[in-house]
Amino acid sequence: MIFGRSERGKPPVEPVTLKILVAGGFGVGKTTLVGAVSEIRPLRTEELLTEAGRPVDDTSGVEGKRTTTVAMDFGRITLREDLVLYLFGTPGQERFWFMWDELSEGALGAVVLADTRRLQDCFAAVDYFERRAIPFVVAVNCFEGAARYPADDVRQALDLDPDVPLLLCDARDRESVKEVLIGVVQHAMAFQAERRQAVTT
């Protein structure tokens with residue numbers, strides 16, 4: 001279905017819109033992930049890396065990176081005719097973290113994208129969502145040439161709670177990213193249901 005149109009004889013469906021954050025360390029693939037699934041041309045706020053930023057932008061492990069997100073990435077994907085996700089990619093460097101509070105306002109849940117070459121870079125995102133009780137999944141971006149580790153080892157290294165889903169994905173692949181986003185929605189809905197049940201009991 002396309003907005004404003006429906007099958008003949010059926011009333012148009014008003015879709016539910018949900019906000020999902022995509023977070024993680026510098027150079028982990030957040031912009032790539034949003035671009036891989038967005039059905040609109042993604043809004044990007046990328047700037048070239050400069051010599052002035054070299055002392056604060058750690059490019060070890062991502063030496064080929066030439067740009068960085070300075071505000072956010074934005075994309076949209078329709079999962080079903082009645083369900084649309086708005087994706088907001090957060091900036092990865094510490095000096096832009098002040099924007100996270102505004103971006104996370106009203107979010108249903110989040111994806112924390114992880115790179116096993118720089119696993120420590122996603123600690124801040126995991127901590128951020130845990131402290132604010134925002135449901136999240138960890139998606140390990142399986143880069144070409146990067147070492148593969150068992151999911152349990154990654155979970156232990158990140159000290160994740162048992163109920164936090166950990167998924168493997170390829171941030172360049174649309175179907176792989178869609179599976180991650182479906183996982184976020186399912187986890188967030190289960191998380192909210194548990195909280196409602198805890199309040200009523």
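Q: What does the side chain of D82 meet in a salt bridge?
A: The partner of D82 is R80, with N and O 2.9 Å apart. Side chains of opposite charge can pair when their charged atoms come close. The term salt bridge is used here for a side-chain nitrogen of Lys or Arg within 4 Å of a carboxyl oxygen of Asp or Glu. This is a predicted model, in which local features need pLDDT of at least 70 and side-chain atom pairs count only at pLDDT 80 or more, while totals for chains, interfaces and linings use all residues. Residues are numbered from 1 along each chain as its sequence is written, and side-chain values use heavy atoms, leaving out hydrogens and water.

Q: How many salt bridges does a search of the whole structure find?
A: The search finds 7. Besides the D82 and R80 pair, one of them joins D115 to R117, whose closest N and O atoms are 3.0 Å apart.

Q: Is D115 buried or exposed?
A: We call a residue buried under 20% relative accessible area, exposed over 50%, and partly exposed in between (1.4 Å probe, protein chains only). D115 has a relative accessible area of 3%, so this residue is buried.

Q: Where do D127 and R131 lie?
A: Both are in helix α3, residues 123-131, and sit 4 residues apart, about one turn of the helix. Helices here are DSSP runs (H or I, at least four residues), strands are runs of E of at least two, and numbering goes from the N terminus. D127 and R131 form a salt bridge, with 2.8 Å between their closest N and O atoms. D127 is partly exposed at 33%, and R131 is exposed at 65%.

Q: Which residues of α3 are buried?
A: They are A125, V126, Y128 and F129. Looking down the axis of α3, you find these buried residues within an arc of 160°, so they line one face of the helix; the arc is taken from the directions from the helix axis to the C-beta atoms. The cover over them includes β1 (16-24), α2 (100-104), β5 (109-114) and β6 (136-141), where contact means heavy atoms within 4.5 Å. Just after α3, A133 has a positive phi of about 55°.

Q: What does T116 touch?
A: T116 lies in the loop between β5 and α3. Leaving aside residues up to four places away in sequence, T116 touches V140, A146, A147, Y149 and V154. T116 is buried, at 17% relative accessible area.
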